Amino acid sequence: MEALQEHTIPFTGLKDGEHVFDFDLGQAFFQAAHEEEFEGGEVKATVRMDKSATMLVVNMHLEGFVTVRCDHCNAPMEQRIKGDQRQIFQMHGDGSADDDELVTLDERAHSINLTHYFFECLRLSLPARHVHPEGGCDPEVDAALGRLANEHEPVPDPRWDVLQQLKTKRP
Ligand SMILES: [Zn+2]
């Protein structure tokens with residue numbers, strides 16, 4: 001996804017210790033994501049960055065809602081979302097070592113950008129199944145799905161009929 005300029009934190013001028021940043025993730029963020037999964041949303045991101053001589057420990061807390069498609073009726077729905085993620089940036093590296101939580105920054109780096117990490121955090125906190133609350137689904141789709149379910153009512157297993165006949169034949 002595109003890195004948004006507003007999520008860039010220049011760290012070279014910052015003192016060692018904790019720094020707090022707040023971000024509002026809105027339409028610009030969800031457009032930059034280019035992901036069909038999220039159609040929009042409003043999320044507040046609080047970033048606590050602990051800076052030391054060798055690393056930046058970034059704790060992100062995201063809270064708000066995202067617009068996603070309902071798994072049941074496929075209409076848009078607002079899913080409340082809340083997530084925490086920690087990312088460690090090691091300074092003075094060669095920029096090569098990357099694992100899930102630890103990123104090595106090139107020694108010339110003077111800022112970090114968090115757009116990608118915000119997105120990752122949201123994706124990880126989205127429940128695997130998201131549906132409208134009871135009665136909130138698109139009524140037309142709901143009715144159509146109901147009809148479909150009835151048409152596919154399981155046919156009774158013919159073996160049961162045979163058993164039933166055997167039983168009734170017995171004196
Ligand atoms: Zn629905």
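Val47 is in contact (C-beta atoms, placed from the backbone, within 7 Å) with Val20, Phe21, Phe23, Val58, Met60 and Leu114, leaving aside its neighbours within four places in sequence. The model is predicted: local features need pLDDT of at least 70, side-chain atom pairs count only at pLDDT 80 or more, and totals for chains, interfaces and linings use all residues. Residues are numbered from 1 along each chain as its sequence is written.

Val47 also belongs to the largest nonpolar core, which has 26 residues. Such a core is a set of buried Ala, Val, Leu, Ile, Met, Phe, Trp, Tyr and Cys residues joined through C-beta atoms within 7 Å. A residue is buried if 20 or more other C-beta atoms lie within 10 Å of its own, exposed if 12 or fewer, and partly exposed in between. Val43, Ala45, Val47, Met60, Leu62, Phe118 and Leu122 touch the most other members. Two or more residues each come from strands S2 (17–25), S3 (40–51), S4 (55–69) and S5 (76–93), and from helices H1 (27–33) and H2 (115–125). S4 gives the most, with 6 residues.

The protein has 4 helices and 7 strands, taken as DSSP runs (helices H or I, at least four residues; strands E, at least two) and numbered from the N terminus. Their order from the N terminus is β-β-α-β-β-β-β-β-α-α-α. Buried residues make up 19% of the 171 residues. Of the contacts with a separation of 6 or more, 65% join residues 24 or more positions apart.

Terms used: Contact = placed C-beta atoms within 7 Å.
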